[in-house]
Structures are given as structure tokens and as C-alpha cells.
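Trainee: Before we discuss the interior of this protein, may I see the sequence and the structure?

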Amino acid sequence: MKKLVQFELRKIFSKRLTQIALLAILLLSSLLGISGYQNKYAFDGRNREGNGKTAVEIDKEIAARYEGLLTDEKVQQMMSDFAPHSDLHGLNAAYLYHNAMQSAAFARFSDINGNWNGLRVSDVFGQEEIRIGYIEGWLSTSQNMVKIFLVLACVTVIMIAPVFCGEYNGVENIILTSKYGRTRCGAAKIAASLIAVFSVTLTTAVLNVLPALALYGGDGLTCSILFAPMTLIEGYIPYNITCGTLLNYQILLALTGNMSIAGITLLISAVSKNPMAAVVVSGAVYFLPVLLPLSETSPWSRYISLLPVYHAQFTNLMSVEQMSNGILYAIWAVPAAFAFAGIGMFASRRVFASHQVS
């Protein structure tokens, strides 16, 4: 059985289209990581500003002055330190961006002119304890990974689509008439598919997290995502979790989403006539839910959000609700993935085993 799985893994990764798709993921990860780093901007409010490495250094130096628990005293200090020294020409100060810490403070505690708006930490965040520090780099990395994991789902479809229907060109006559053709061969194809998807997803996550760790450091991983710069507020989860927890959920959901679409693609592959048809149908099934005219307030939205496409677009799923034990609703993606993968595995093996040979 082990040799059969290894043989199927070689078949999956030896296909030219799969290799091109994996290279595209690597290239996309590199481009987004480099461009995100080089496009960063920061100004310390005095005499130092810059992009890229200089901007990260400025942001981290400023964050170091205020890191720790957010207090009313720190808010007052930031509002004083970051007070505008020139006419804003009608610009709302809440949208002013000099550096990440200033933007986070002004977005919540500034009036239109850049003065304190009278709100206290408890008015904005309730009784939550907000730990602040340099998180801008990690949040932008997380945003990049949303795009990468969406593309990776397409790569998953490309890898898995030919697993069964790729044999429907006469080869199935040899496989299905062999001793273990209707039992072990189908199981080996399924096992190899899931191993390939799991390993590629985990490798992609590592190749995005490790460079970010080198560029931005690990200090911000213990800070709350709620005190984010204005440019990163919209679309993020409204719960007091750390950057580290955010990334753990995102990687977990990337795994569940890709294992789910792998199960679906296996079933479609087993019933399709050729790999191209399997790719098209699997891709359509994956992206179709985003076209549904369903509002976020609909009672069905929490169930629709468990479909694989929303695992990659993880902020939609993680924004649903926080359960009474403090765990986010997104954890239900795990049993949902087991269901999608399990049904796909069982049904695809049955369909392949019952395929008529000529």
C-alpha cells in the first residue's frame, strides 16, 4: 500500500500543469511579500521618514514606546505626541497616516482636527485588555495570505482533478481488472491526494510566515489585532485575539478549506470524463457560494460561511460570532472539512470501483 501511495504522489507532482501551478504559488508569495514590505511607509512626526526597511524600523521604534496594555494615559500621550502641526486642509484626522501607531490611535480617539475626542479605552473596547505593539507587518502578511490561499485552492483543484478521470483513457481497464484495482488502488489515490494537499498547504503557509518573522520580528504576535492602523481596520475580526492566534486560525482554515475542496474534487474527478471537465466543475463549485445573494444578517450566512471558499476568505468566517467558551465560531470549519473530505473520499472510491471496463 505504501508503494502505491508513493506511486500516486509521483504521478500528482510529475504533471507539468501541477508544477507550473506550484511555481506560480511560490512566485505569488514572493511578490506579495516583497511588494508589501517595500511599499510600507512611516514618518515619526519629526524628521525621519522612509519606505520599506526604514518604515518598519520607524514603526517598531514608535511601537516600543507604548507597548504593553493600552491605558487612558497612553492614549493621552499618543494624542499629544502625534498632534498635527500643520493645517489638514479639510482632511479628517482619523484618516491621517504618519505611522502605524498614530493611525491606530487617531482612528479611534481623534476628532476631525486631530484632538482627543473624549473617548476612553473602556468606551471603545469595553472591558477588554488590549495589548499593543507593532502588528502592522503581521496584519498585512495575513491580508496577503488571503489572496495566496484563494489561489492555492485553485492549485488544489488542478492537482486533484486528474486523479481518477485521468485514468479514463483505457488505463482504467488495466487498473480495475488487477487484483487490487477496485480496492487498494482507489484508496492509494485518495491517500496520496490528501497527503499532497496537506503538505502543499502547510509548506505555503511556512513559506509566508518565516519570511514575515525575519522581516517584522515576533513581538507583535502577542498583541491584539483590535488596535490596528486605519488601513487595516475594515474586514478584520471584531474580537480581542492576538496576531499569533489570528495566524493560527488562518492557517488552520487554509488546511480545512483545501482538504474540503480536495474531497469535492475527488468525487467530481471520479464521475467526470476528463480532467479539464473536472477542473471546470470543481472550480465552479468552489467559487459559486460568493455569488449567492445572501446578506451577512441572514440566518443562513453562518452555514454558508462553512463552505470551503470562506475558509480561505477567513475573515468572513471568523467574524460570525464568538462562542460562550471564548472559541470562535470558525472552529466549526474542522468538522465541516471532515464531512466534505469524508464524503468525497467514500463516494469517489465507490464510483471508481464501480466504473465499467470495456
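Mentor: Let us begin with a definition: helices are DSSP runs of H or I with at least four residues, strands are runs of E with at least two, and both are numbered from the N terminus. Please keep in mind that this is a predicted model.

Trainee: How many cavities of 30 Å³ or more are there?

Mentor: The largest cavity has a volume of about 60 Å³. The second largest cavity has a volume of about 30 Å³. By the rule applied here, the count of cavities of 30 Å³ or more comes to 2.

Trainee: Which helix gives the most to the lining of the largest cavity?

Mentor: The lining includes Asp59, Ala63, Ala100, Met101, Ala104 and Phe227. At least two lining residues come from each of α3 (53-66) and α5 (100-109). The greatest contribution, 3 residues, is that of α5.

Trainee: How many charged residues does the lining of the largest cavity have?

Mentor: Asp and Glu count as charged, and the lining includes Asp59 and Glu136. By class, the lining has 9 nonpolar residues and 1 polar residue, and the number of charged residues is 2.

Trainee: From which helix does the largest share of the lining of the second largest cavity come?

Mentor: Among the residues lining the second largest cavity are Phe149, Ala153, Leu253, Ala254, Gly257 and Asn258. By class, this lining has 7 nonpolar, 2 polar and no charged residues. Both α7 (136-160) and α11 (243-271) supply at least two of the lining residues. The largest share, 4 residues, comes from α11.

Trainee: With which residues is Ile237 in contact, leaving aside its neighbours within four places in sequence?

Mentor: Leaving aside neighbours within four places in sequence, the contacts of Ile237 are Ile225, Leu226, Leu246, Phe314, Thr315, Met318, Ser319 and Leu328.

Trainee: Why do the buried residues of α4 lie on the same side of the helix?

Mentor: Helix α4 (residues 72-81) has Val75, Met78 and Met79 as its buried residues. These residues lie on the same side of α4 because the arc they cover around the axis is only 100°.

Trainee: Which exposed residues does the face of α4 turned away from the buried side carry?

Mentor: The buried residues of α4 are covered by elements including α3, α5, α6 (121-125) and β4 (131-132). On the face turned away from the buried side, the exposed residues are Glu73 and Ser80.

Trainee: Is Ser110 buried or exposed?

Mentor: Ser110 lies in the loop between α5 and α6. Leaving aside neighbours within four places in sequence, Ser110 is in contact with Met79, Ala93, Ala94, Ala105, Asn115 and Asn117. Buried means under 20% relative accessible area. Because its relative accessible area is 10%, Ser110 is buried.

Trainee: How far apart in space are Glu57 and Ile148, C-alpha to C-alpha?

Mentor: Glu57 lies in helix α3, and this residue is partly exposed, with a relative accessible area of 31%. In sequence, Glu57 and Ile148 are 91 residues apart, whereas in space their C-alpha to C-alpha separation is 26 Å.

Definitions and conventions
Residues are numbered from 1 along each chain as its sequence is written. This is a predicted model: local features need pLDDT of at least 70, side-chain atom pairs count only at pLDDT 80 or more; totals for chains, interfaces and linings use all residues. Side-chain values use heavy atoms; hydrogens and water are left out. On a 1 Å grid over the protein atoms alone, a cavity is a set of points where a 1.4 Å probe fits but cannot get out, and a pocket is an open set with protein on both sides within 12 Å along at least five of seven lines; lining residues have an atom within 4 Å of a point. Grid points are joined across faces, edges and corners, and a volume is the space filled by probe spheres set on the points. Buried means under 20% relative accessible area, exposed over 50%, partly exposed in between (1.4 Å probe, protein chains only). The arc is that of the directions from the helix axis to the C-beta atoms. Contact means heavy atoms within 4.5 Å.
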